[in-house]
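Please read it alongside the sequence and the model.

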2 protein chains.
Amino acid sequence: MLKVRRVAIDTYRENVAYLHRDCSVYRTEGFRALSKIEITAGKRHILAVLNVVDDDSIVARDELGLSDPAFAHLGAKPGARVDVAHAERPASLDAVRRKVAGERLDQDAMDGIVADITANHYSKPEIAAFIVATVQNELDRDEILYLTRAMVASGERLDWPEPLVADKHCIGGIPGNRTSLLVVPIVAAHGMLIPKTSSRAITSPAGTADTMEALANVELKVADLRRIVRRHRGCIAWGGTARLAPADDVLIAVERPLGIDSHGQLIASILSKKIAAGSTHLLIDIPVGPTAKVRHMRDAQRLRKNFEYVGDRLGIHLEVIITDGRQPIGNGIGPVLEARDAMRVLQGDPTAPADLRQKALRLAGRIIEFDPDVRGGRGFTIARDILDSGRALEKMRAIMAAQGAPKHAYSPGRLWFDVRSTRTGIVSGVDNLQLARIASYAGAPAAKGAGVDLFRKLGDRVRAGDPLYRVHAEFAADFRFARALCRQSTGYAIGRAADVPPVFVEA
Amino acid sequence: MLKVRRVAIDTYRENVAYLHRDCSVYRTEGFRALSKIEITAGKRHILAVLNVVDDDSIVARDELGLSDPAFAHLGAKPGARVDVAHAERPASLDAVRRKVAGERLDQDAMDGIVADITANHYSKPEIAAFIVATVQNELDRDEILYLTRAMVASGERLDWPEPLVADKHCIGGIPGNRTSLLVVPIVAAHGMLIPKTSSRAITSPAGTADTMEALANVELKVADLRRIVRRHRGCIAWGGTARLAPADDVLIAVERPLGIDSHGQLIASILSKKIAAGSTHLLIDIPVGPTAKVRHMRDAQRLRKNFEYVGDRLGIHLEVIITDGRQPIGNGIGPVLEARDAMRVLQGDPTAPADLRQKALRLAGRIIEFDPDVRGGRGFTIARDILDSGRALEKMRAIMAAQGAPKHAYSPGRLWFDVRSTRTGIVSGVDNLQLARIASYAGAPAAKGAGVDLFRKLGDRVRAGDPLYRVHAEFAADFRFARALCRQSTGYAIGRAADVPPVFVEA
C-alpha cells in the first residue's frame, strides 16, 4: 500500500493521481496510458487520471499523490494508506456510445450517466464525448426531460413553505444584463418570494453572484439563506453552497471552453438548478441577436417550446420571454461596473442606463403577473411604481445588509484606457462576444473592478476620436492583455443608420 | 517575464503549464478555467492547459512550470525567460463545430484541424469532440480521403527507390495475431521489399514493435533502417523515430481510451502511416468475429469499400482480406509469448500454433502475388515453400542480427497461474477483449514476459479442471490485478459443439 499525499495542484474538477515512475508497489507502465486508476482508502474510493512523476520531491516512491480535487474527493488524511487498481470503465459510458451511435436514451441511461459524472468518474474527454453526442444526435424533448430529472436528483433540493416561489433566468451570452439585481428587490418588495441563487462566471466576465459580491456577501449557509428569505422575501446568493444539481457544474466546466452549445443541455442545466432551488414559477429570458447565443427567431421559438415542454412535465410554471440581444445591456461589463449600473437604476440616478431599467421592469412585471391577485398586463406598472417610489432600493439595501458586507470596498480598476472610434458615423454593431472577451482579458470577474464601461450603444452617433468605451483593469498584465485584444478588434462597427440590425423581438 | 522550469510530470501528450497561485507577474485567476495559455520563448511558442499550484517547491512565484511534453515542445532551456498570454482558440475548431453541426468538411478544413492537432493546440476534450463528431456525422469517403492526406502531410515521408514496396496491416482487436513476424521474412526472402514500420501498443497487450523488441532492437534511425532494408529487403522496426503521420498518434491516444471507434479515422490512421512509410502495395486484414472490432460481414464490406476508395485516390495498390476474428490467433498474448509462437512457426516446431502459421501463409501469399512475375493463385505455395525450406527463418535471423540484439534476454514472466475450466464441454467462445485485458493487467506490453498463453481454442474439448490458459506476470501487483480480473470472467465459454460461432469469412 502507498501513503497518500496532497499535491497542491488544482486540476480543476478532474481527479489526477501522481505516481512515481519507480513506485515501490506498482509499475506505472502497467496502467494504460490515459486510462484511469481506482484509489481506495478504507471505504472511500475515487477514480483518477494517472500522471507519472520523475521527481521525488513531488511524490516519493512509496507515496501516491493526489491533485487538489482528487484529494478532496477521497477525503483521506495525508499519510493514510491507499490501494490502487485499474479502474473499470464507468458502465454508463455504454449509454454515451449508444447516443453517439444515434440511439435515444431513456431515464435509466441518463440517471447512470449523471450519477457517474457527479461522482467524477468521467475524464474530460469522456464528458466532451457526451456533450458532443447530445449536440449532434440532438436530445429530443423527452431526453431533455430525463437529463433534467437526473441532474436534479444528483444533488440537494431546497424547498420553501410557500405555494409561489418565483425566479428568473437568462440563458446568457449578453454582457452586462445584470437585471437580477433589480428584479429581485422589485419582486420581493411586491411581496412575492424570490430566493435567487445563482452561479459564478465560467467563461463570461461576470455571473450574478460575482456582481452581487461587489455589494454584499454571497456565500451563505443554507440556514442563513432561509432566514434572510423568510425575513426579506428575497436574496441574491451564490448557489454553490447548496450543492444544487452538481452534475451540471461538471458538465459546463467542460462545455463552456469547448464552445459547443447544446440546446438540450442548456435547458437541462437551467431547469435542474431552478427546480433544485425550489422554484415554482420561472421566467426564462432568451436574448436574440447577431452575436447572442441564439441568433435566429426560429431557434428561439424552438428553444421556448422545449423549455415549456420540460417545465410542464416537471410541474413548474414556466414562461419564456424573447428579448433584444443585439448588444450588451447597461453600460458596465464586469462585477463592479455592473453593480454600479444596477444601483444607479435603483437610486433613480439620471445617468442610469435606460435599457437596463426598461428590461428589468419588463421582466419584473412578468414575474409580478405570476401573482394570482395581479391583473394581466398590470405587472409593468406595478414594477415601475415600486422602483420609482424607492421601495426597490430600500429592499435591496435590506437584502444587502442581511447578507453581510462585501469582503472589500470595491471600485473600478485604477488602470484604464479608452477605446476611440476611428470613423465618424452611427454605431451599427456591438459584438457581445468580443466585448465579453475584452472584459475577461481585463481581469473580470476575478478582479472585481476590471471590465468595460460602454459610452456608446447601437444607433448612437460618433465622430472619429470619440471614446467608445473605457477598459478598467487592476493588474498590469491584464491591462496589457486587454489592450492587445482591443487592438485586434474593438468589437464596434461604425456605419450608417441603415446598418443597425433591426430589433426582431416580440413587442 | 517568468523563468521556465521543467516539472517532471508526464501529462501524456497534453501540454500542461503550472503557475503559482501568487505568481509575481500574472494573476492565475485572470486565465479562464480550462482555457489554454500561450507560452512564448523567443520565437517558439506552445499552447498549454493551465494548472494552478500552491506549492513553492513545484513552481516558485517567478517561475512557469511545464510538464514533460510541454517542456519538450517548447524546447527552451531551464531558466529561460518566457512570456504568457491568453491562447487564441485554434481557428480550426470552427471546422470541428461545423462537423458537429452535420456539415461535410473539405480538404482545407481537414488540413487546418490536423495541423492544429499536430502542433498540440487541441486540448483532450477538443480532440474528443473531433473524434465523436466524425463518428456521429460519419466521415464520408471523401472526408476520409481529405483526413488521410492531411495526416500524411503532418509528418515526414520515407521513400524507397523501388517500384514495389509491400506492406500489410491488420485493423487490430485480435490478441496474438503476430503475423508480421512471419510475413516479413517470407516476403523478403521472396525478394520483395517489405520495410515494416509499426507501432507500440496503446491499449492492447502488444503491438508488432513491442513483440519484435523481445527479439531485436526496434528503435532504428532512419539511415539504419534504409541500410538494413537495402541489404535484407525487409525490417520490423518501430515507426516512432521516423515521425510518420504524427497527428495520428495524438488522435489515437485520446480515441483508444474513449473506446469510441470511428471507421473513418481508422482508415485514415492506417493509410496515412503506410503512405508516409512509402508503401506502394498494401494488404489490409479485417478480422470479423463476435468480439472483434468488426462484428458483421456487412460492416467489413463497407470498411473494405472505403479502404479501396481512399487507397485508389492516393495511388496505392491496396487489397483487403477479411479473416476469422472469432478468437486470438496463435497461443501467446504479450510480447515474449507472441515472439515465441512466431519463432516456433519459423523453426517448423511441431508445437507451433497452426492457426498462426496458416494465416501468415495466407497473408504472405497474397502479398507475393503483388509481384507481377507471380501467377495468380501461386502465392500461398511459394510462401509455404519459403517457410518450410527454412529460408524464412534464415531471413528472420539476418534481419534480427542487422537490427541488433534486444536490450535484455526476455523470458515468460516468472509469476504465473493457470485458469481452469469449471465445466466439461466444448470451448464455444473465447472473448478477444477480455483476454487482451487480462494480458494487459498482467503487465503486457511494458513487462515483456507478461501475458496469456492459451492451451485451448474454439472447438476444443475440455473437462472440468483442465487448464484453459496460463497467465504470466513479472510483478506481484500485476499478478494480483490479472488474477482478480480472471475471477471476474475467464473470457472462455464452455458449451456444446453447436454453440461455436460459425466462421463467416471468405474462402
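In this predicted model, 64 residues of chain B are in contact with 64 residues of chain A, and the two chains bury about 5400 Å² between them, 59% of it on carbon and sulfur atoms. Between chain B and chain A there are 4 salt bridges, including one in which the side chains of Arg27(A) and Asp478(B) meet at 2.2 Å, N to O. Across the same interface, 14 residue pairs are in polar contact, with both residues at pLDDT 80 or more. The largest share of the side of chain B that touches chain A comes from H4(B), which supplies 9 residues.

Some of the elements of chain B that each supply at least two residues to that side are listed here.

| Element of chain B | Residues |
|---|---|
| Strand E5 | 44-53 |
| Helix H4 | 124-136 |
| Helix H9 | 246-258 |
| Helix H17 | 476-488 |

Chain B is superposed on chain A by a rotation of 180° with 0.0 Å of shift along its axis, at an RMSD of 0.0 Å, and that is the relation of a two-fold axis. Of the residues of chain B, Pro125(B) comes closest to the rotation axis, its C-alpha lying at 2.2 Å.

Chain B also holds an open sheet of 4 antiparallel strands in the order E13-E16-E18-E14, with strands E13 (332-333) and E14 (415-420) at the edges, each pairing on one side only. E14(B) pairs with strand E18 (residues 467-473) over 6 bridges, and Leu415(B) has Ala473(B) as its bridge partner in E18(B).

Terms used: Residues are numbered from 1 along each chain as its sequence is written. Chains are lettered from A and ligands numbered from 1 in the order in which they are written. This is a predicted model: local features need pLDDT of at least 70, side-chain atom pairs count only at pLDDT 80 or more; totals for chains, interfaces and linings use all residues. Side-chain values use heavy atoms; hydrogens and water are left out. Two strands pair if DSSP finds at least two bridges between them. Copies are superposed by least squares on the C-alpha atoms of residues with pLDDT of at least 70 in both. Contact means heavy atoms within 4.5 Å. Buried area is the accessible area (1.4 Å probe) that two parts lose on being put together, summed over both. A polar contact is a pair of N or O atoms within 3.5 Å; within protein, one must be able to donate a hydrogen and the other to accept it, and residues adjacent in sequence count only if both atoms are side-chain atoms.
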